[in-house]
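The structure is shown first.

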Number of protein chains: 2
Amino acid sequence: MLSHDTNANGPKAPGRRIRYELLTIGDELLLGLTVNGHLEFIGAQLGARGIELRRNVTVTDDAEDIAQQFRESWERTDVVIATGGLGPTCDDRTREAMASVLGQKLVFDPAIEQHIRDRFALFGRKMTSNNLKQAMRFEKGDVLQNANGTAPGLWVEQDGKVLCMLPGPPNELQPMFTEQVLPRLARLGLVLDREAYVQLRTAGVGESLLETRLQPIFDRHGSKLGIAFCAHSGHVDCRLSSPGGEISFAEVEAIAAECADLLREDFVCYGNDSLAKVCADLLRSQEKTLSVAETATGGLLANAFTGICGAAKFFSGGCVCYSNDSTMQLLDVPECLLMQHGAVSAEAAVAMATGAAEKLGADYGLAITGFAGPCGGSNENPVGTMHLALHAPQGVWSRKLSFPGPRATIKRRAVNSALDWLRRELVRAQTGAVSVSKQQGVMQ
Amino acid sequence: MLSHDTNANGPKAPGRRIRYELLTIGDELLLGLTVNGHLEFIGAQLGARGIELRRNVTVTDDAEDIAQQFRESWERTDVVIATGGLGPTCDDRTREAMASVLGQKLVFDPAIEQHIRDRFALFGRKMTSNNLKQAMRFEKGDVLQNANGTAPGLWVEQDGKVLCMLPGPPNELQPMFTEQVLPRLARLGLVLDREAYVQLRTAGVGESLLETRLQPIFDRHGSKLGIAFCAHSGHVDCRLSSPGGEISFAEVEAIAAECADLLREDFVCYGNDSLAKVCADLLRSQEKTLSVAETATGGLLANAFTGICGAAKFFSGGCVCYSNDSTMQLLDVPECLLMQHGAVSAEAAVAMATGAAEKLGADYGLAITGFAGPCGGSNENPVGTMHLALHAPQGVWSRKLSFPGPRATIKRRAVNSALDWLRRELVRAQTGAVSVSKQQGVMQ
């Protein structure tokens with residue numbers, strides 16, 4: 001983590017680590033009714049700017065709890081970010097609690113009132129008087145505009161520290177954070193004014209093997225290069241940085257490019273794009289189309305592609321076959337094939353992939369058939385077995401994989417494997433390399 | 001929230017509220033790499049047993065941070081639940097930090113060592129010596145067995161308080177919590193030994209209208225009846241309880257049954273079953289089958305059903321149509337219909353629902369076609385417009401709906417609406433009531 005030793009513009013003396021705490025407010029979080037997504041979002045946003053969030057405290061809507069916790073956090077930190085409790089109802093007590101700790105007055109702001117009235121007018125709704133509570137701001141403080149809701153964010157610089165209060169709904173909080181809070185923090189030298197690291201996304205290689213392969217590159221830079229790995233479902237990320245500032249950011253980018261070259265097809269992309277998004281970009285740039293067919297993953301594979309805006313440009317459609325009858329009817333798979341080999345077999349997967357491509361007139365057909373469990377399965381194909389098949393302009397191949405875990409995990413892993421296989425074939429098609437699927441025959 | 005005034009068996013004096021704090025430990029949470037799902041799970045589990053979690057603090061893996069936070073939490077609460085940091089590596093420092101605050105020794109437990117060795121043997125892996133760190137427990141404390149991993153949970157009763165330490169992986173933590181932690185807490189009178197409330201799940205009615213309709217029933221019981229509403233995407237839950245213990249739990253159940261009767265088809269189920277699960281149970285009990293067809297929701301509707309184990313019993317399959325060609329090929333929808341009305345139209349939805357049912361030989365066909373945005377849409381059918389159609393043994397109907405929000409939200413809402421529509425028709429088929437779809441004609 002960076003300590004921002006190089007930036008002395010902020011209210012903090014340079015050379016020491018800046019402490020951030022996140023205060024998430026709301027009974028619904030503690031009752032388990034809502035996931036605390038703010039921690040994930042703000043933690044990642046700060047991490048990308050070189051700050052490790054030091055602590056997150058979730059408290060009830062009780063004014064005393066809020067004030068007590070804020071007092072503690074304010075004493076020991078440089079920046080407190082608070083979320084929630086800015087609404088119009090009587091259980092929204094965050095403003096008052098913070099004001100009492102800061103010894104500040106809350107004042108009525110006619111500009112905020114106008115914003116609230118405008119929003120109600122826009123949606124043709126009637127404003128009730130309790131909404132005017134949201135027009136209160138700190139006497140010595142700023143307002144953060146809310147383009148997606150009524151409650152503005154509030155910003156206070158006091159005692160050499162910053163308090164930033166954000167509304168709870170994620171669609172209001174997130175753009176406010178990236179568009180207004182981060183630039184303000186950067187101006188004060190409290191976050192980096194650029195990304196803190198370069199992220200390489202990889203697939204098909206475990207964390208430890210990945211480290212071993214990249215070690216020769218890392219060794220050349222010693223401790224000057226910051227390296228962090230993070231394994232996810234379906235991919236592993238590697239983040240490179242310059243924690244002490246001894247390597248320039250351009251040099252970190254060059255090292256990352258060297259790693260990407262070395263990893264060849266195991267390198268997916270820089271940043272955070274999903275495997276499906278990377279496949280989509282490759283299909284679009286090659287002007288190719290795709291259709292899918294699936295049994296056990298039951299719509300999850302299709303949904304990975306249809307989650308992308310404009311998917312109709314490359315995605316023709318998909319079939320979810322949950323009976324032999326549907327496989328025969330939708331994909332023209334012959335009954336005798338299903339009778340002889342079963343619906344969970346390499347032969348069925350190949351017939352489904354080809355059927356999907358031919359029936360829907362697509363260049364590529366991707367199929368998954370298997371047993372997601374916990375019930376079902378056979379001796380030959382126990383729960384977790386998945387046959388994948390890919391029909392491509394160059395040929396058609398299948399592979400048999402096996403995944404442990406509960407139903408939802410098996411479904412997700414099978415989809416990730418299918419996406420990564422398609423991605424590799426599309427990369428090879430682009431570079432003119434020989435298909436690895438072809439080299440290795442039917443089974444891999 | 002209950003205060004357990006009635007139970008004096010525990011170490012706490014009766015008549016005061018029991019304070020719980022959750023301490024979640026791990027850099028990965030604060031860096032936004034992992035969602036803090038423990039808060040959601042444990043908050044909900046405690047809530048169901050009458051306890052409102054008072055605070056959740058997430059700290060780094062730094063031993064000093066852990067110890068400092070635990071000291072604060074231990075002083076002001078009755079029960080501290082801590083998660084994470086029990087692994088075998090050098091950044092797992094939770095045991096030592098807690099021991100220093102409690103003034104306890106850590107001792108080596110040969111029984112835990114045997115458990116760890118057995119698990120490694122089971123998976124045919126080699127145990128490294130650092131794993132033996134996980135065999136340390138508090139000198140004066142108990143061990144919670146871990147059926148799904150190596151690190152046991154740890155349990156300490158000291159100073160009239162309880163500390164419970166749980167491993168971080170959810171598949172290890174969750175069964176340990178429900179099977180071992182809750183029964184122990186109940187024996188000490190620190191949670192109720194039964195559910196704290198009856199939950200009615202409803203759909204199709206907003207929170208405030210729901211309250212208005214149920215108010216006559218609530219009024220008869222005054223403040224003796226605890227009432228809480230919670231709106232989710234697609235359904236609203238209403239929880240009934242007896243906060244002061246003045247109404248017996250059997251009576252609360254009777255009141256809930258009265259509410260369910262009054263709500264008729266707007267009542268979905270008791271507890272937490274999803275709309276898809278309720279539809280699945282209805283289809284299975286009526287021995288009917290279902291197939292689906294979808295454009296914009298792109299596999300999400302099919303996936304709602306295939307997420308249920310044994311779905312092949314009632315679910316025939318689904319088509320994801322992302323081009324006119326696929327709609328024609330897969331569902332035999334005539335080209336002239338698509339040319340005349342467009343793929344996003346009531347006519348197309350009806351043809352898709354009927355095509356899905358007939359082609360796949362199912363009793364019911366459910367279809368969704370629309371624009372999920374943010375790109376696409378037309379003047380007549382702007383982004384967010386969804387045409388739904390239901391082909392049932394009694395007839396076929398369509399309805400046009402409009403949903404605001406980003407792409408993923410529109411997809412989810414459209415699927416929820418379709419599921420609820422199907423559920424209502426299945427309930428009516430079961431009770432022999434006239435289909436409301438039929439009564440109201442094509443548009444609703």
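## Strand pairing and the sheet

In the predicted model, Ile25(B) stands opposite Val59(B) of β2(B). The strands β1 (residues 20-25) and β2 (residues 55-59) of chain B pair in the parallel sense, over five bridges.

Both chains contribute to an open sheet of 12 strands with mixed pairing, in the order β6(A)-β7(A)-β8(A)-β3(A)-β1(A)-β2(A)-β2(B)-β1(B)-β3(B)-β8(B)-β7(B)-β6(B). β6 (142-144) of chain A and β6 (142-144) of chain B stand at the edges; each has a single partner strand, so one side of each lacks a neighbour in the sheet. On average, neighbouring strands are turned by 15° against each other, direction ignored. Helix α6 (residues 170-187) of chain A packs on this sheet and touches β3, β6, β7 and β8 of chain A; its direction makes about 160° with that of β8(A).

## Contact between the chains

Chain A and chain B each give 55 residues to the contact. Elements of chain A that supply at least two residues include α2 (37-48), β2 (55-59) and α14 (407-431). By class, this side of chain A has 27 nonpolar, 21 polar and seven charged residues.

Strand β14(A) is joined to β14 (residues 315-321) of chain B by five bridges, and the two run antiparallel. Here Cys319(A) has Cys319(B) as its bridge partner.

## Helix α9 of chain A

Helix α9 (residues 275-286) of chain A has 12 residues and reaches 17 Å from its first C-alpha to its last, close to the expected 16 Å. Its buried residues include Leu275(A), Val278(A) and Leu283(A). The buried residues of α9(A) pack against β12, β13, α10 and α14 of chain A. After α9(A) comes Glu287(A), with a positive phi near 55°.

Methods:
Residues are numbered from 1 along each chain as its sequence is written. Chains are lettered from A and ligands numbered from 1 in the order in which they are written. This is a predicted model: local features need pLDDT of at least 70, side-chain atom pairs count only at pLDDT 80 or more; totals for chains, interfaces and linings use all residues. Two residues are in contact if their C-beta atoms, placed from the backbone, lie within 7 Å. Helices (H or I, at least four residues) and strands (E, at least two) are DSSP runs, numbered from the N terminus. Ala, Val, Leu, Ile, Met, Phe, Trp, Tyr, Cys and Pro count as nonpolar, Asp, Glu, Lys and Arg as charged, and the others, Gly among them, as polar. Two strands pair if DSSP finds at least two bridges between them. The expected span of a helix is 1.5 Å times one less than its number of residues. A residue is buried if 20 or more other C-beta atoms lie within 10 Å of its own, exposed if 12 or fewer, and partly exposed in between; C-beta atoms are placed from the backbone. Axes are lines fitted to C-alpha atoms, for helices over the stretch in contact, and angles run from 0 to 180 degrees between N-to-C directions.
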